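Please open the model in your viewer and keep the selection panel at hand. The tour below goes from one selection to the next and says what is to be found at each stop.

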Amino acid sequence: MQTVVETSCGLLEGTDQDTHLTFRGIPYAQPPIEEFRFLPPQPAMPWTGTRSAATFGPASPQSKDALKIRGLGRCDEDCLYLNVTTPALDEQKRPVLFWIHGGGFTAGAGSAPSLSGAPLSTRGNVVVVTINYRLGALGYLHLGGHAGSTWGAAANVGQLDQIAALQWVNDNIGYFGGDPSNVTIFGESAGAAAVATLLAMPKAKGLYQRAIMQSGTANYLQSPETASRIVDVLLKKLAINPAEAKKLQAVPFEKLIQLQESVAREAADPRQKLSPSYFPVIEGNTVPTNPLQAIKQGVAEEIPIIVGSNRDEQKLFRRLGEIDDDKLLSIVAKTLPPRARADAGAMIETYRVQRAERSEPNDNAEIASAIQTDARFRMPAIRLLEAQREHNRQSYGYLFCFQSTTKPAMGACHALEIPFVFGNLDAAGLVRELIEDSTNEKTLSAHMMDAWIAFAHTGNPGHAGIGEWLPYDGSDRATMLFDTSSGMVHSPFDRERLAWPGD
């Protein structure tokens, strides 16, 4: 097959993989280094001759542990690259699936082995795009309260990177056999939170037509005041005068990465439930208002969505072991909003009774994990579905319940669905040891892939393998349950849902 394509910046030579073509390490913006650090992404510069697109670009700077866990190569501040997988270079207008990776806004890359777009692209006749974007302090440091605007610093440059990559897709994906007017943005965890944030960002409007959020919504955004505390601590550690915050542009990026975790811990406000980190900031400009509130007001009314979570998300992060009743009560009280903490005991009892009725483990550690999972993932997903459903009937919910067979104690933990969605069950990465690549797992992967593919093609994720996928609504709460046997259920785990306080 032809492997050379002409883009807006010059010729690219990809790799022929027999059933598809891959183009890796495509620059979609200039390197965000030196005087461009903390600034919005600048347009990529044209090149002469034919540029090789055989290898991935560097990941955004992150800890060595994060690189190893996710199976990534090197990292560098020069990281604004994307990757394209396409069935062919022709004039077909294929749907585009645009992936935003997770990793807590401090880790990950579009080059992770589990994110290979080949299975999705060839199975569904779609073009798959994965991207890198600035992470941690380099992508989400908020300098608005430290005169950053006087020298061009912007808030949420990691989010602006994503928009620049979407703009590149809008301008170039037609050369790769893709349709720039049919783009589905999708992501997991922080990537899903980024997707939800893009729904409320004016600069992203019109660059995508559908959205999928896996195990994440925009419930971890920060205020400028909270984000500014991180800058205060960072400047103090680096002995930089707050009036001279521009000097941060000259600090080696390795030093910023070394400090960012301890800086966030020291910036924590003990009065707040959530410690600050490098999350998107609601600062009135790039992100004008809380995305959930904006969605309630109809800001994304034209966008069909899929939103879902995994049954046992929390089990990836923390196994509590044996805990006594007092510790359980404390954990649950801290998980709830302040106005509802007095109801912690009643919530525990609800979860215990419901789990016992379903013959599920209901010891204290399991109860704590279930409540924390619902607080961080399931309930925010439901709230977003409820908000969007008022404006667009094509709003679909799912619950991923497949339990790891190799390590049953991990259950349907956070990130376990990613290899199923991408069809990469044998790929190295964060949850590789939890998957066997059995017949049941291959069938589940096919069901999820075909649902995402159908949604990208038509806006309706139903298909022959799972049957009709009904839209979510406020009465029967139709939900697609993905497991060894997948299909529609109505109001799953509803007693637990009702135990949660409203807005």
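Begin by selecting helix α4, residues 157–172, whose 16 residues reach 22 Å from the first C-alpha to the last, close to the 22 Å expected at 1.5 Å a residue, where the expected span is 1.5 Å times one less than the number of residues. Helices (H or I, at least four residues) and strands (E, at least two) are DSSP runs here, numbered from the N terminus. Of the 16 residues of α4, 13 are buried, so the helix is largely enclosed by the rest of the structure; buried means under 20% relative accessible area, exposed over 50%, and partly exposed in between, with a 1.4 Å probe and protein chains only.

This is a predicted model, in which local features need pLDDT of at least 70 and side-chain atom pairs count only at pLDDT 80 or more, while totals for chains, interfaces and linings use all residues. Residues are numbered from 1 along each chain as its sequence is written, and side-chain values use heavy atoms, with hydrogens and water left out.

Next, select strand β10, residues 210–214, of which five of five residues are buried. In a regular strand the side chains alternate between the two faces of the sheet. Both faces of β10 are covered, with R210, I212 and Q214 buried on one side and A211 and M213 buried on the other.

Now turn to the open sheet of three strands, with order β1-β2-β5 and mixed pairing. The strands β1 (4–6) and β5 (50–52) stand at its edges, each with a single partner strand, so one side of each is left without a neighbour in the sheet. Strand β2, residues 11–13, runs parallel to β5 and is joined to it by three bridges, and E13 has S52 of β5 as its bridge partner.

For the last stop, select E366 in helix α11, residues 364–389. Is E366 buried or exposed? At 11% relative accessibility, E366 counts as buried. Showing R355 as well brings up a polar contact of 3.3 Å between the two side chains, that is, a pair of N or O atoms within 3.5 Å, where within protein one must be able to donate a hydrogen and the other to accept it, and residues adjacent in sequence count only if both atoms are side-chain atoms.

Definitions and conventions. Two strands pair if DSSP finds at least two bridges between them.
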